[in-house]
Amino acid sequence: MDKITIIGIAGGTGSGKTTVVARIVEALPKDSVVVVPLDSYYNDTSEMTAEARRAINFDHPNAFDWKLLIKHINELRNGRAVEQPTYSYILSNRLPETIHVEPRPVIIIEGIMVLLDKRVRDMMDLKIYVDCDSDERLIRNIKRDTIDRGRTVTMVMDRYQKILKPMHEQFIAPTKRYADLIIPEGGNNTKGIKILCEYVKSLTKESVKY
C-alpha cells in the first residue's frame with residue numbers, strides 16, 4: 001500500500017450514514033476498504049454500576065474514547081492491524097470480544113461526531129456530512145431502537161427530546177461546516193451518493209489497484 005486514503009462520514013443519528021458507507025464499499029474493489037465505526041469506541045464503563053451506565057449521555061463527545069480511536073487509525077494507516085472494540089447498546093458497555101481489523105488502502109471513519117475532533121479531522125483526505133430531515137431521523141431511530149436496542153417507542157421519543165435533539169444541535173450539526181461534501185436527504189439521495197462514489201474512486205486510484 002503506497003498511499004492510504006482516509007474518508008470521514010458524519011451526520012446525525014438515523015441520517016443514512018450506514019447506507020452511504022455501504023455504497024462506497026460496494027463501489028470499491030473487494031478487500032480495499034476498512035470501516036472504523038465511532039460507535040465501537042465508546043468509553044469502557046466496566047468499573048461503573050449498571051445504573052450509572054444507563055445515566056451516561058452517549059450523544060456527548062465525552063462518551064467516546066478518542067485517544068484509542070486516534071491510536072487505531074494511526075496504526076492502520078501505518079500498515080498495522082488493530083483489535084477493534086465491540087460495544088453492546090443493551091449492556092451500555094464494551095464486550096470482551098474484539099474484531100481483528102487489517103489495514104486497507106481506504107479507511108472510512110463513520111459516526112455522528114467524526115468531524116468534531118480536530119485531531120481526527122486532520123487525518124482525513126475527504127470529509128462528508130450526511131444530512132437528513134429531523135422527522136425522518138426520528139422515525140429511523142424509533143424503528144432501529146425498538147428492534148435492535150430493546151427500547152420502547154416512549155423511551156425513544158423521550159430520549160430524542162431530552163438528549164438526541166439538543167446534542168445534535170450543539171455538537172453534530174455545527175460540524176457540517178468542516179465537510180468537503182454534504183449529502184442532503186441522507187441515504188435516499190441516490191444521485192448524490194453515486195456522484196460521491198465516482199469521486200471516491202478517482203481519489204483512491206493511487207491507493208487501490210483496479
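Which residue in strand 5 stands opposite isoleucine 6? In this predicted model, the residue opposite isoleucine 6 is isoleucine 107. Strand 1 and strand 5 run parallel and are joined by five bridges. Both belong to an open sheet of five strands, arranged in the order 2-5-1-6-7 with parallel pairing. From one strand to the next, the twist averages 20 degrees.

Helix 3 lies across strand 1, strand 2 and strand 5, and runs at about 165 degrees to strand 5. This helix comprises 12 residues (66-77) and reaches 16 Å from its first C-alpha to its last, close to the 16 Å expected at 1.5 Å a residue. Glycine 79 follows helix 3 and has a positive phi, near 85 degrees. Within helix 3, the residues Trp66, Leu68, Leu69, Ile70, His72, Ile73 and Leu76 are buried. The cover over the buried residues of helix 3 includes strand 1 (5-10), strand 2 (33-37) and strand 5 (106-110), as well as strand 3 (82-88), strand 4 (93-101) and helix 4 (118-121).

In soluble globular proteins, nonpolar side chains tend to be buried together. The largest nonpolar core of the model has 34 residues, of which Ile6, Leu69, Ile107, Ile109, Met113 and Val120 touch the most other members. At least two residues of this core come from each of strand 1, strand 2, helix 3, strand 3, strand 5 and helix 6 (153-172). The greatest contribution is that of helix 3, with six residues. Isoleucine 109, when residues up to four places away in sequence are not counted, touches Ile6, Ile7, Gly8, Ile9, Val36, Ile73, Val114, Val120 and Met124.

Cysteine 132 is buried, with a relative accessible area of 13%. Cysteine 197 is also buried, with a relative accessible area of 8%.

Note on methods
Residues are numbered from 1 along each chain as its sequence is written. This is a predicted model: local features need pLDDT of at least 70, side-chain atom pairs count only at pLDDT 80 or more; totals for chains, interfaces and linings use all residues. Side-chain values use heavy atoms; hydrogens and water are left out. Helices (H or I, at least four residues) and strands (E, at least two) are DSSP runs, numbered from the N terminus. The expected span of a helix is 1.5 Å times one less than its number of residues. Buried means under 20% relative accessible area, exposed over 50%, partly exposed in between (1.4 Å probe, protein chains only). Contact means heavy atoms within 4.5 Å. A nonpolar core is a set of buried Ala, Val, Leu, Ile, Met, Phe, Trp, Tyr and Cys residues joined through side-chain atoms within 4.5 Å. Two strands pair if DSSP finds at least two bridges between them. Axes are lines fitted to C-alpha atoms, for helices over the stretch in contact, and angles run from 0 to 180 degrees between N-to-C directions.
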